[in-house]
Every structure is written in structure tokens, then in C-alpha cells.
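Here are my notes for you, as a friendly read-through. Please keep the model open beside you as you go.

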Amino acid sequence: MATILAIESSCDETSAAVIQDGRMILSHIIATQIKSHMRFGGVVPEVAGRHHVEKISQVIDKAMADSGLSWNAIDAIAVTKGPGLVGSLLIGITAAKTLAFTHHKPLIGTDHIAGHIYANQLVEPFQFPLMALVVSGGHTELIYMPEDGVFEPIGETRDDAVGEAYDKVGRVLNLPYPGGKKMDELAQIGEDTYNYPRPMIAEDNFDFSFSGLKSAVINHQHNADQRGETLVQENIAASFQAAVVETLVTKTMRAIERHPVKQLVLAGGVAANSGLRQGLKDALESTHPDVKLSIPPLKLCGDNAAMIGAYADTQYRHGEFSDLMLDAIPGLDIEDSSLK
């Protein structure tokens, strides 16, 4: 049973956690930067990097203190190696390498997207084969997993990720950053009156595209502004979300039809979206009632170190370690992280 100190700094959250046996959270600390980036309407890499430098030592010290463990009880140090912002990644990696060298611990470089998927294992065990729908600000992917630690991407976005589309539409509606959460709240009280397009939904593949949908909403708002018309914000949000959810759910059900699985795992920041959660639940109940749906609690949807520790445990058991030459890989592909 391994006890792992995990560090996450891929974007705008500085986080550390102590995870035992890949499933038990002994401590979990997150220092968020949302207020700092809010005035810019998005993450500014240089600002994110400075915040990581300021917070990384405090977050790690707090995680260790909250765990009640000494360094002797830690079996390995895990850290996100990619994908993410290179400057942010390097701060976490430098801290992890320093700790691994100082305390003579094995080092594990972990894939951020794999971490998002394995956040679900902090709640309940995986049942293989499974399908993972990863939805975040930078990623929209369908990943088939025939076994533990093996990732086979079968579909991905060809342009904007779904979380990115949410935030860009939110900016047009003058919603505070990050716009996705507020859009979801507005969608709950609005109606799907504008019938926005469902991109690529009819195509016989598992890929996604949200750039056209985003542009349709933005153009709709701009044209209304030019004509002096007032659109109902709640209905824009509801119509946009209806298009997103229908697209994601339809593609996911199609993937399950072609790749029979025991479990469907929802992962990533957009996994917090209430419309998507309910849409997948309803679709599975009506078409694949034998497939178990796993959705992480809200605190494990966004970027966090607990998820990094969860997947690092699988790497630990497979003897998948890094050396002190570990470097950031901003564009890391998840198939390159499969444990062969």
C-alpha cells in the first residue's frame, strides 16, 4: 500500500495532496488563482507562474502537516508533467524533484488527463473495460480503457475544447470568469428557444467541434446588438448548453455502442456541469442500463493534486518512475502515458 505526496501546478491551481493506496485522501490542499485572473477574463500564464512560485511551498507543507505523516511514511513524490502551461508545470516539477532528491524518494511524472480520469477512483473502483469522457477548458476527448493504465483515445475536439467555448460565450454575455459555472446556473432557469447547431452530431465518428457553435452564439448576440434587440441571457445559456449536452451525450452513447464497456467515467472541469451530468445519466438509463456511470464530486472535477496521486498509485504499482531529468511536456498526449 503506497503513500504518495502528489503535486499539481499545470494551470492556475497550486495543489498538493497525500494519497494512500490510490483511493484514500489523507490531505488535500488547493490554492486557487481565480480572483487574480478574473480581471483579465482568462488565465494569464505569467501571472499563473508567479502565483505558483508564491504558493507551492506553503501548499506542500500544509498537505504534509494535515496528513499527520512524516517524510519517512511517504513512498514516492508524484507531479504533473503535462499537458499544461510550461511555466506552471516547471514550478511543480522543480519542487517535486527537489523533494525527491532531498528525501531520497522515487519520482513519478504523471499525466494530467489521466489524473482527471482517475479522480473517479477516489470515489469508487474502476470496472474495465471503461469509456472516459474528458471535458475541460483545454480538452474534449473520448478515451477507451481496456485495462488499468491503458488509454486509447477514439475521439477528440478538432478545434475549441468545450470548456473554452463556455468561457468565450460567457465573456460575450459579460459573465464573470470563469463563465462556465455561471452559464450552467443561467441555463437552469432559461429555455432552449434559439436552437443553436449541434456540431458534427450527424457524422459517423467520435470527434467534436465547438468553434462553430461558439461562433453561432457570438454572432447571434452581436447581430442583436446591432439591431438594438435584447436577447434573454438565460435562454442563450440554456440553448447553448442544450446543444453542447446533446452533442456530447450523442457521441458518447455512439462510442459505447461501438466499444462495449462496463463503466462510463466523466472527468475534467466541465464534469461539474449539471446539464451534462443529468444528460449522461438519463441517456445511460434509457439505452445502456447495465453500464455504470461514474461522476466525481465537484471538489474533484477541477484541477487538483488528489487526482494526480490517484493515477500515480497505478504508476507506482507498475514500476513506472521518472528520474531527476524529468521535464515538462506541455503538449503531452495521453496515449503516450499508457502503461504497456
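1. The buried residues of helix α3 are covered by elements that include β1, α2 (45-67), β4 and β5; contact here means heavy atoms within 4.5 Å. Helices (DSSP runs of H or I, at least four residues) and strands (E, at least two) are numbered from the N terminus. This is a predicted model, where local features need pLDDT of at least 70, side-chain atom pairs count only at pLDDT 80 or more, and totals for chains, interfaces and linings use all residues. Residues are numbered from 1 along each chain as its sequence is written, and side-chain values use heavy atoms, leaving out hydrogens and water.

2. Which residues of α3 are buried? Look for Ser88, Leu89, Ile91, Gly92, Ile93, Ala95, Ala96, Leu99 and Ala100; buried means under 20% relative accessible area (1.4 Å probe, protein chains only).

3. The length of α3 agrees with expectation, because its 18 residues at 1.5 Å a residue should span 26 Å and its end C-alpha atoms are 26 Å apart. The expected span is 1.5 Å times one less than the number of residues. Just after α3, His104 has a positive phi of about 55°.

4. Two strands pair if DSSP finds at least two bridges between them.

5. Strands β1 (residues 3-8) and β2 (residues 13-20) are antiparallel partners over six bridges. Leu5 stands opposite Val18 in β2.

Note on methods
Buried < 20%, exposed > 50% of the residue type's maximum accessible area, 1.4 Å probe, protein only.
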